[in-house]
Amino acid sequence: DDATTTTTSTSTMADKKLEGVRYTPELRSISKRVLALKHNDSKAAEHVKSHLSSDTLPLSSVRAMRTIILQRCNESDETKSALLADLNAALSAATSAKGLQFTAPPPKPDELSTEEARYQKRIERLRLKAEENRYSRLVTNLDRKVADDETMKSMKYATSVGM
């Protein structure tokens with residue numbers, strides 16, 4: 001799948017998102033065993049089936065399999081615990097074998113086109129102009145302090161008189 005890369009890529013972890021683990025034959029076998037169980041969760045089963053033919057087992061499919069095993073399955077507790085233990089062991093083996101799959105980071109353009117560069121300059125100029133306008137409005141209000149003081153004095157007088 002070209003949308004995923006392995007852990008050996010040179011991108012930082014902050015640029016990538018964990019998709020799941022690489023599907024091993026053991027994980028495929030366990031997925032098929034989970035789907036063969038008698039259960040009543042068709043939505044989770046469809047989710048697991050939809051990813052059965054891909055190279056990556058998404059984390060959402062792992063959650064769906066665990067939901068089927070733990071909550072929706074009509075099998076005995078021994079069967080459930082054995083299947084869950086097999087799933088956990090296979091996942092541990094897949095992750096220790098560097099089988100984690102990540103999304104590729106978005107491509108970063110090396111150079112902006114001339115139109116994009118002009119647009120970025122225009123946006124920066126407009127942002128600076130807006131900031132200048134806000135600052136000038138703030139500074140022009142400083143002269144009104146005298147008028148505000150007179151208003152406060154008259155309000156204090158009216159309060160003291162008892163209006």
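Which helix holds tyrosine 119? Tyrosine 119 has its place in helix H5, which covers residues 114-140. The model is predicted. This briefing takes the helices in turn, then single residues and salt bridges. The structure holds four salt bridges, and one of them joins arginine 33 to aspartate 86.

**Helix H1**

- Helix H1 runs over residues 25-36, twelve residues in total, and its first and last C-alpha atoms are 17 Å apart, close to the expected 16 Å.
- Leu27, Ile30, Ser31, Val34 and Leu35 are the buried residues of H1.
- These buried residues fall within an arc of 140° when seen down the axis of H1, so they line one face of the helix.
- Pro25 and Ala36 are exposed residues on the face of H1 turned away from its buried side.
- Serine 31, found in helix H1, has a relative accessible area of 0% and is therefore buried, since that is under 20%.
- Setting aside neighbours within four places in sequence, serine 31 is in contact with Tyr23, Val48, Leu52 and Met65.

**Helix H4**

- Helix H4 covers residues 77-96.
- The 20 residues of H4 should span 28 Å at 1.5 Å a residue, which agrees with the 28 Å between its end C-alpha atoms.
- The buried residues in H4 are Lys80, Leu83, Leu84, Leu87, Ala90, Leu91 and Ala94.
- They cover an arc of only 130° around the axis, so they are on the same side of H4.
- On the face of H4 turned away from its buried side are the exposed residues Asp77, Glu78 and Ser96.
- Lysine 98 follows H4 and has a positive phi, near 55°.

- Lysine 80 is found in helix H4 and counts as buried because its relative accessibility, 16%, is under 20%.
- Apart from neighbours within four places in sequence, lysine 80 is in contact with Ile69, Leu70, Cys73 and Glu75.
- Lysine 80 and isoleucine 69 are eleven residues apart along the chain, and their C-alpha atoms are separated by 5.9 Å.
- Serine 50 is in helix H2, residues 42-50, and is partly exposed, with a relative accessible area of 47%.
- Serine 50 and serine 61 are eleven residues apart in sequence, with 9.1 Å between their C-alpha atoms.

- In the salt bridge of arginine 33 with aspartate 86, the closest N and O atoms are 3.0 Å apart.
- Arginine 33 lies in helix H1 and aspartate 86 in helix H4, so the pair ties together parts that are 53 residues apart in sequence.
- Arginine 33 is partly exposed at 37% relative accessible area, and aspartate 86 is partly exposed at 30%.

**Helix H5**

- Glu124, Arg127 and Glu131 are linked in a network of salt bridges.
- Arginine 127 meets glutamate 124 at 2.5 Å, N to O; the two lie in helix H5, three residues apart, about one turn of the helix.
- Arginine 127 also meets glutamate 131 at 3.4 Å, N to O; this pair lies in helix H5 too, four residues apart, again about one turn.
- Arginine 127 is partly exposed at 43% relative accessibility, glutamate 124 is partly exposed at 36%, and glutamate 131 is partly exposed at 40%.
- Tyr119, Ile123 and Leu126 make a nonpolar surface patch of about 280 Å².
- Tyrosine 119 is partly exposed, with a relative accessible area of 47%.

Definitions and conventions
Residues are numbered from 1 along each chain as its sequence is written. This is a predicted model: local features need pLDDT of at least 70, side-chain atom pairs count only at pLDDT 80 or more; totals for chains, interfaces and linings use all residues. Side-chain values use heavy atoms; hydrogens and water are left out. Buried means under 20% relative accessible area, exposed over 50%, partly exposed in between (1.4 Å probe, protein chains only). Contact means heavy atoms within 4.5 Å. The expected span of a helix is 1.5 Å times one less than its number of residues. The arc is that of the directions from the helix axis to the C-beta atoms. Patches are made of residues with over 30% relative accessible area and no salt bridge: like charges are joined within 9 Å, nonpolar side chains (Val, Leu, Ile, Met, Phe, Trp, Tyr) within 5 Å. Accessible areas come from the Shrake-Rupley method with a 1.4 Å probe; for residues, only the protein chains shown count as cover. A salt bridge is a side-chain nitrogen of Lys or Arg within 4 Å of a carboxyl oxygen of Asp or Glu.
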